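Here are my notes on this one, for when you have the model open. They go strand by strand, then on to the ligand and the database record.

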Amino acid sequence: MEVVILSGKEEAGAVAADAIEALFRAKPEAVLGLATGSSPLPIYNELARRHDELGLSFTQAQGFALDEYVGLPVGHPESYREVLRREFTERVDIDPSRVHAPNGAAADLVAACAEYEEAIKLAGGVDLQILGIGTDGHIGFNEPVSSLASRTRIKTLTEQTRADNARFFNSLDEVPHHVVTQGLGTIMEAKHILLIANGGQKAAAVKALIEGPVAAFCPASVLQLHPHVTVLIDEESAVQL
Ligand code: GLP
């Protein structure tokens, strides 16, 4: 695990964009794993800028979202498919039909999870997975005590995660209780994982991710077993290291 402490979000966004740009210049058909939350935003902003100003192209790319809420109607502004469209995919030249997200509105969610796993496999796997981290150490929506070998499945959010994410909704009541998320085992199959975290509220999770035991209590700690992980953090989230 490579840990890089940077001056702040903008620098982290630029360093992450460097890795993503290098990947797409070498392999235009690469598969990108997409995360939501506020942490990856500087990466998407920088990729959109490089697309506009430097001709960085994603026409042959594929994208796979990490997770999705269950029960939000298709097109809901806070569904992760919509968030990713707004924050990234509509700002670059990626073909929208090549951007995938778990179907949280499916009548048969178990089948939808299996189909999502299959789609990732058919695409040849994720080349570079962008990740944030929850204050409780979750990645995707793999909450504490998730199986370290888990695959894409339905999960129940903890009250802490619902409260953390209530800022994106009008009230806590509107935050769904259930989600579909790639499992930890699914995420671990990405060839390169790039995790970004900022701010003092992430310090405990960042410590557990990097220095803690590999344990389901901190799902992100499983990344210690991955051969190619880059962790981009600011000084505030690094204070407990
Ligand atoms: C949500 C997402 C995670 C994300 C986390 C942290 O729970 N499912 O993928 O890492 O939020 O979000 P933020 O970066 O806004 O702190």
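1. Start with strand β3 (residues 62-65), which is covered on both faces: Q62 and F64 on one side are buried, and so are G63 and A65 on the other. Buried here is a count: 20 or more other C-beta atoms within 10 Å of the residue's own, with 12 or fewer called exposed and anything in between partly exposed; the C-beta atoms are placed from the backbone. Strands (E, at least two residues) and helices (H or I, at least four) are DSSP runs, numbered from the N terminus.

2. A word on the source: this is a predicted model, in which local features need pLDDT of at least 70 and side-chain atom pairs count only at pLDDT 80 or more, while totals for chains, interfaces and linings use all residues. Residues are numbered from 1 along each chain as its sequence is written.

3. Now the neighbours of β3. Strand β2 (residues 31-34) runs parallel to β3 and is joined to it by four bridges; two strands count as paired if DSSP finds at least two bridges between them. Look for G33, whose bridge partner in β3 is F64. F64 also has a partner in β5, namely H100. Strand β5 (residues 99-100) is parallel to β3 too, with two bridges joining them.

4. Strand β9 (residues 192-197) has five of its six residues buried, so it is largely enclosed by the rest of the structure. Strand β6 (residues 128-131) pairs with β9 in the parallel sense over four bridges, and L128 stands opposite H192. β9 also pairs in parallel with strand β10 (residues 229-234), over five bridges, where I193 stands opposite V229. From β9 the chain crosses through helix α7 (residues 203-211) to β10, a right-handed β-α-β crossover.

5. Which residues come nearest to the ligand? Of the 14 around it, they are G37, S38, S39, G132 and G134; to be near, a residue's C-beta atom, placed from the backbone, must lie within 6 Å. By class, the shell has nine polar, four nonpolar and one charged residues.

6. The unreviewed UniProt entry annotates residues 12-224 as "domain: Glucosamine/galactosamine-6-phosphate isomerase". Such annotations may be inferred rather than shown by experiment. Over residues 12-224 the chain is 33% helix and 15% strand, with the end C-alpha atoms 20 Å apart.

Technical notes
Ala, Val, Leu, Ile, Met, Phe, Trp, Tyr, Cys and Pro count as nonpolar, Asp, Glu, Lys and Arg as charged, and the others, Gly among them, as polar. A crossover is right-handed if, with the strands pointing away from the viewer, the path from the first strand over the helix to the second runs clockwise.
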